[in-house]
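Trainee: I'm new to this one. Could you walk me through reading it, feature by feature?

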Amino acid sequence: MAAPILDREPTVLIAGDTAQWTKSFSDYPATIWTLTYAFRLQQGSGKLDVTATASGTDYAATITAAQSALMTAGVWIWAAFVTFSGERHQVDGGTLTVTPNLAAIDFSIDLRSSAKKAYDNALKAWESVTLGQTVMLNGRTYTQHNLNALIAFVDRCKSDYAAEQQAEQLANTGINPRKIGVRLTRV
């Protein structure tokens with residue numbers, strides 16, 4: 001079974017996978033214009049340019065498995081441009097999140113999010129302080145005598161991580177865990 005061809009640009013891509021999509025612009029038919037995508041890593045030095053091919057008056061674009069395998073995991077910003085005879089117009093733009101290929105990485109890579117790492121570090125510091133140790137975290141020293149600031153930091157990290165989990169659940173299931181549906185019926 002072939003992978004589906006999207007009718008818009010992908011928003012998430014696993015490094016090493018192929019992404020295919022079609023695009024249509026009534027003002028810029030593929031019989032005349034050329035569509036090019038510029039993908040740039042938001043933080044870092046990643047770069048990928050993709051030129052779509054004509055499929056009638058529509059465009060067919062592909063990021064090959066070999067191309068995506070070279071893409072660094074993270075958020076990529078993209079812009080789409082049409083060109084013809086010296087003219088150039090930006091017609092679309094957005095972001096693409098590239099996730100790591102689990103089959104190509106080893107156990108030494110830490111796949112936790114930044115929020116999860118901060119929460120885990122804050123909990124580890126809390127456990128150390130409650131055992132009577134002095135802990136240095138984010139440039140501050142904590143002891144059993146100044147726990148209020150550490151408690152506030154742990155709470156903030158926990159809240160950030162919970163918000164990240166809720167956003168992930170909403171993205172994956174479409175169910176908002178903060179909304180409760182109630183249906184009333186008469187008997």
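Predicted model: local features only at pLDDT ≥ 70, side-chain atom pairs only at ≥ 80, totals over all residues.

Trainee: How much space lies in the largest pocket?

Mentor: About 410 Å³. Of the 17 residues lining the pocket, A73, V98, T99, P100 and L111 are the closest to its centre.

Trainee: Which element gives the most to that lining?

Mentor: That's β8, with three residues. At least two residues each come from β7 (74–84), β8 and α2 (114–130).

Trainee: How do I read the sheet? In what order do its five strands come?

Mentor: The order is β1-β8-β7-β3-β4, in an open sheet with mixed pairing. Now look at the edges: β1 (12–14) and β4 (47–51) each have a single partner strand, so one side of each lacks a neighbour in the sheet. Ignoring direction, neighbouring strands here are turned by 30° against each other on average.

Trainee: In which sense do β1 and β8 pair?

Mentor: Parallel, over three bridges, with β8 covering residues 87–99. Within that pairing, L13 stands opposite V98 in β8.

Trainee: V98 again! Is V98 buried or exposed?

Mentor: Buried means under 20% relative accessible area. V98 has 2% relative accessibility, so it counts as buried. Leaving aside neighbours within four places in sequence, V98 is in contact with L13, A15, M71, T72, A73, G74 and W76. Also, the C-alpha atoms of V98 and I14 are separated by 5.6 Å, though these residues are 84 apart along the chain.

Trainee: What should I look for in the side chains along a strand?

Mentor: In a regular strand, side chains alternate between the two faces of the sheet.

Trainee: How many bridges join β2 to β6?

Mentor: Five, and the two strands run antiparallel; β2 spans residues 19–23. In that pairing, Q20 stands opposite T62 in β6.

Trainee: And which way do β5 and β6 pair?

Mentor: Antiparallel, over three bridges, with β5 at residues 53–55. S55 has D58 in β6 as its bridge partner. The hairpin of β5 and β6 has two residues between the strands, and G56 takes a positive phi near 70° there.

How values were computed: Residues numbered from 1 in each chain as written. Heavy atoms only, no water. Pairing = 2+ DSSP bridges. Helix = DSSP H or I, 4+ residues; strand = E, 2+ residues; numbered from the N terminus. Axes fitted to C-alpha atoms, helices over the stretch in contact; angles between N-to-C directions. Buried < 20%, exposed > 50% of the residue type's maximum accessible area, 1.4 Å probe, protein only. Contact = heavy atoms within 4.5 Å. 1 Å grid on protein atoms, 1.4 Å probe; cavity = no way out; pocket = protein on both sides within 12 Å on 5 of 7 lines; lining within 4 Å. Points joined across faces, edges and corners; volume = space filled by probe spheres on them.
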